[in-house]
Amino acid sequence: MQQDDFHADALSLETLAVRAGHVRTAEQEHGEPIFTTSSFVYRSAAEAARKFGGEEPGNIYSRFTNPTVRIFEQRLAALEGGERCVATSSGMAAILSTALALLEVGDEIVASRSLFGSTVSLFSKYLGKFGITTRYVELGNLEEWEAAITPRTKLLFAETPSNPLSELVDIAALAEIAHHHGALLAIDNCFLTPALQRPLALGADLVIHSATKYLDGQGRAIGGAVVGRDKELEEVFGVVRTCGPCLSPFNAWIFLKGLETLSLRMRAHCDNALALARWLEAHPAVERVHYSGLESHPQHALARQQQSGFGAVLGVEIRGEREGAWSVIDATQLMSITGNLGDVKTTITHPATTTHGRLSDEQKASAGIREGLIRIAVGLEALDDLKADLARGLDPLV
């Protein structure tokens with residue numbers, strides 16, 4: 001099937017994840033080719049001039065035009081329902097490229113307090129150096145978002161669900177607030193992926209991905225992406241073209257293979273995570289489980305409204321503060337002690353000293369990152385094996 005043979009809006013997400021973006025070459029390959037080339041050749045000087053001058057479409061240099069990367073971009077754009085996607089070297093590069101493209105000195109960002117630690121550092125430390133101010137608000141409090149916006153606010157930025165407490169914001173309502181004030185709304189969707197949540201359909205302007213996580217799904221490669229309208233994405237493309245935070249063709253190919261099984265994996269992740277969350281919630285050594293799939297979660301109704309699944313990341317508060325949390329982590333024999341997530345292998349970490357370790361004590365407290373908190377990104381192993389692995393550390397705390 002050629003890309004031109006179907007209309008994306010007539011096909012399901014599962015079909016798009018397998019088929020979208022690939023236009024077969026003259027070799028008539030069935031699988032997507034990997035174009036491991038830095039540059040491209042032309043039949044004449046005139047053809048080169050036309051392509052470099054933008055008069056004729058075509059490949060120029062793999063920093064910004066590579067066929068394998070383009071397949072990934074077109075496929076992810078189709079899955080998210082966006083006009084365009086620009087791939088980047090990492091999820092953080094996607095956020096940085098978006099900021100460089102759309103903001104300038106004196107502009108302001110309003111962002112959730114519940115952000116990945118590196119995103120906070122990027123906004124506060126590095127963008128702050130260049131005269132871009134960030135104000136932080138409680139993720140689910142729409143009144144705080146509204147109150148923090150000024151005439152200089154150009155971008156609202158949120159992760160929903162948040163890392164690692166599974167907090168949410170009403171995306172449609174937040175989009176209305178942003179647009180009322182002439183600002184753009186960017187949603188980091190790497191925890192749920194388009195298989196479980198489509199922020200653009202809810203009114204967001206931009207979707208950010210760390211493709212490293214569930215788009216790959218097996219912990220093999222680093223990459224990122226921004227999806228949205230062509231107007232904003234042309235500016236993001238300009239940053240990638242000029243500054244160079246580009247995605248490699250090989251990593252793009254890996255992500256394409258990941259996308260083929262995205263829906264299947266995310267359903268299986270959700271099933272395992274919900275069952276494990278319920279088991280943990282009942283364990284006497286656990287003080288609280290943060291997971292929007294639980295009926296006890298204060299935003300469970302909102303999660304059901306704007307998501308088709310609850311994801312795989314659990315925030316679990318353990319009795320005994322850091323000592324208790326570390327003892328549970330250290331007792332595991334199956335789970336991988338690592339700061340990454342989005343893998344078929346279950347991972348476990350202590351956010352206060354790893355993923356959010358560079359935040360100040362005040363920032364951690366504001367984001368709800370407590371010493372007894374562990375984060376479990378539930379993989380696809382057998383549920384009973386995961387329970388047994390956690391029980392080794394939990395049972396002695398009772």
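**Figure 1. The loop between strand S4 and helix H7, with Pro161 in view.** Pro161 lies in the loop that runs between strand S4 (153–159) and helix H7 (171–180). The model shown here and in the other views is predicted. The peptide bond that joins Thr160 to Pro161 is cis, with omega at about 0 degrees. Pro164 is also placed in the loop between S4 and H7, and a cis peptide bond, with omega of about 5 degrees, links Asn163 to Pro164. Ser166, again in the loop between S4 and H7, has a positive phi of about 60 degrees, although this residue is not a glycine.

Figure 2. One cavity of 30 Å³ or more is counted in the model. The largest cavity has a volume of about 60 Å³. Sorted by class, the lining consists of eight nonpolar and three polar residues, with no charged residues.

**Figure 3. Packing of helix H3 against helix H10.** Two packed helices are described by the angle between their axes and by the distance between those axes. For helix H3 (residues 67–80) and helix H10 (residues 249–260), the angle is about 35 degrees and the axes are 8 Å apart. The crossing in which H3 passes H10 is left-handed. On the H3 side, the contact is made by Thr68, Val69, Ile71, Phe72, Arg75 and Leu79. These residues meet Pro249, Ala252, Trp253, Phe255, Leu256, Leu259 and Glu260 of H10. By class, the contact of H3 with H10 contains ten nonpolar residues, one polar residue and two charged residues.

**Figure 4. The crossing of helix H13 and helix H15.** The axes of helix H13 (residues 321–331) and helix H15 (residues 383–394) come within 7 Å of each other and cross at roughly 135 degrees. H13 is therefore oblique to H15. H13 passes H15 in a crossing that is right-handed. Ser327, Val328 and Ala331 form the H13 side of the contact, where they meet Asp389, Leu390, Arg392, Gly393 and Leu394 of H15. The residues of this contact between H13 and H15 comprise four nonpolar, two polar and two charged.

How values were computed: Residues numbered from 1 in each chain as written. Predicted model: local features only at pLDDT ≥ 70, side-chain atom pairs only at ≥ 80, totals over all residues. Heavy atoms only, no water. Axes fitted to C-alpha atoms, helices over the stretch in contact; angles between N-to-C directions. Helix = DSSP H or I, 4+ residues; strand = E, 2+ residues; numbered from the N terminus. Parallel < 35°, antiparallel > 145°, perpendicular 65-115°, else oblique. Left-handed = near helix turned anticlockwise from the far one by under 90°. Contact = heavy atoms within 4.5 Å. Nonpolar A, V, L, I, M, F, W, Y, C, P; charged D, E, K, R; others polar. 1 Å grid on protein atoms, 1.4 Å probe; cavity = no way out; pocket = protein on both sides within 12 Å on 5 of 7 lines; lining within 4 Å. Points joined across faces, edges and corners; volume = space filled by probe spheres on them.
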